Amino acid sequence: MTGSAPLAGGGCRTAPVLKERGQREVFCGLTGIIWLHRKMQDAFFLVVGSRTCAHLLQSAAGVMIFAEPRFATAILEEGDLAGLNDAHDELDREVARLLARRPDIRQLFLVGSCPSEVIKLDLGRAAERLTEAYAPKVRVLNYSGSGIETTFTQGEDACLASMVPVLPATDKRELMVVGALPDVVEDQMLGLLRDLSIKNVRCLPARSITSNVAVGPNTVFALNQPFLGDTCGALERRGARHIPAPFPFGEAGTTAWLRAIADEFGVSDERFAAATDAPRARASRAIAQASEHLQGKSVFFFPDSQLEIPLARFLTNECGMTAIEVGSPFIHDAIVGPDLELMEAGPVISEGQDVDLQLDRARAARPDLTVCGLGLANPLEAEGLTTKWAIELVFTPVHFYEQAGDLAGLFSRPLRRKGLISGLDKRLEAATPPIYAQAGAR
Ligand code: SF4
């Protein structure tokens, strides 16, 4: 195991990257609406798309049917797609109806989809026009959630990046933490930063438009998700400075993330220890307990959520696993470099996907655990491989100390289940009277 000090030789950061640009198996960026609409409580996401987009959202967000939804799909009908109707007029009418019915909406996101992009519906122009019509009460922005050449976490990146140009300017020295976290996890993080005496902390996205998030040359920002490359670039264009750090997964990742921020703000070692010693010890104990079934096992990551590199760092350095391949849809060195630096050289680091070639590599390696998208999990299970759905890691609270044990538990559960099932099979076999065994054999 290694800790949180960069490895001599750069660890995996200096390893060659296998770049693949073939067929990919991914979900589209509309998926991000499922967690973003819970986070931004005065926002509404209006997807301009087809019935397919509406079905995706409804089935992915099925749990929300009892709540007042903060998303909907404006469905493009055949007449719109054939260019027979003026889609802009129809969109204006839909928005007028929506805002009249829902006075609680303060931010409206027009979300582009494959169909709206195919007919080249200019949602940027629509957002400008509607902002003029409804300002200052409602701010209208747009971004693309289209599935063409994207991964499902890019929806959040595109959404946050669309907010950056309209953030008010500030000259204040402030820390911005970027990436949507469940409220309870965000509160834990704010508590840790408070204990480090770091003041003026803002979160993007904020829970409400009234949260005074601003940006300027004295803003420094830390990402808490590795898939926010466009948002990172947009903030830098507004003069803010990125604090590079490993991601706050597990005890070591969280400590390194906090340490990078503490160094930026000149926090003493004593204060750092006073704020982190107790939660670090709790996290280490929880990981040790939950990773019992992970020790000595191998893991193979297919590219899906863009969380792969930080999670591989967590599993190899903190849970005793060996990574065979770590695939990620994109590798932004400025963002995931600090995690790569902490990982022992050895695994194949791959970017992009050629799904058939990658499946061949996984079948040849027969890893103990394969982390992949929903589309690949069932066929691989049928071939006897144990899988973990990558999307679950985005929907479950996994950041910071208090969730470190749960994060290890998410990976150990499929291995434990497999062990239990094979133990049960053996017991059933041993307990089956010979006559039934023969009947079964016939
Ligand atoms: S945006 Fe594209 S990929 Fe996503 S549901 Fe709509 S049609 Fe399908």
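**Close-up views of a predicted model**

**View 1. Helix α14 against the six-stranded sheet.** Helix α14 (residues 355-365) lies across β1, β10, β11, β12 (348-353) and β13 (369-372), and runs at about 170° to β11. Helices (H or I, at least four residues) and strands (E, at least two) are DSSP runs numbered from the N terminus; axes are lines fitted to C-alpha atoms, for helices over the stretch in contact, with angles from 0 to 180 degrees between N-to-C directions. Contact requires C-beta atoms, placed from the backbone, within 7 Å. This is a predicted model, in which local features need pLDDT of at least 70 and side-chain atom pairs count only at pLDDT 80 or more, while totals for chains, interfaces and linings use all residues. Residues are numbered from 1 along each chain as its sequence is written.

**View 2. The open sheet of six strands.** The order is β1-β12-β11-β10-β13-β14, with parallel pairing (at least two DSSP bridges between two strands). Because β1 (17-21) and β14 (387-389) are edge strands with a single partner each, one side of each has no neighbour in the sheet. From one strand to the next, the twist averages 20°.

**View 3. Strands β10 and β11 with helix α12.** Strands β10 (residues 298-301) and β11 (residues 322-328) run parallel and are joined by four bridges; Phe301 has Val326 in β11 as its bridge partner. Helix α12 (residues 308-318) lies across both β10 and β11, at about 170° to β11.

**View 4. The open sheet of four strands.** Its parallel strands follow the order β3-β2-β4-β5. Strands β2 (residues 43-49) and β4 (residues 107-112) pair over six bridges, and Leu46 stands opposite Leu110 in β4.

Key: Two residues are in contact if their C-beta atoms, placed from the backbone, lie within 7 Å.
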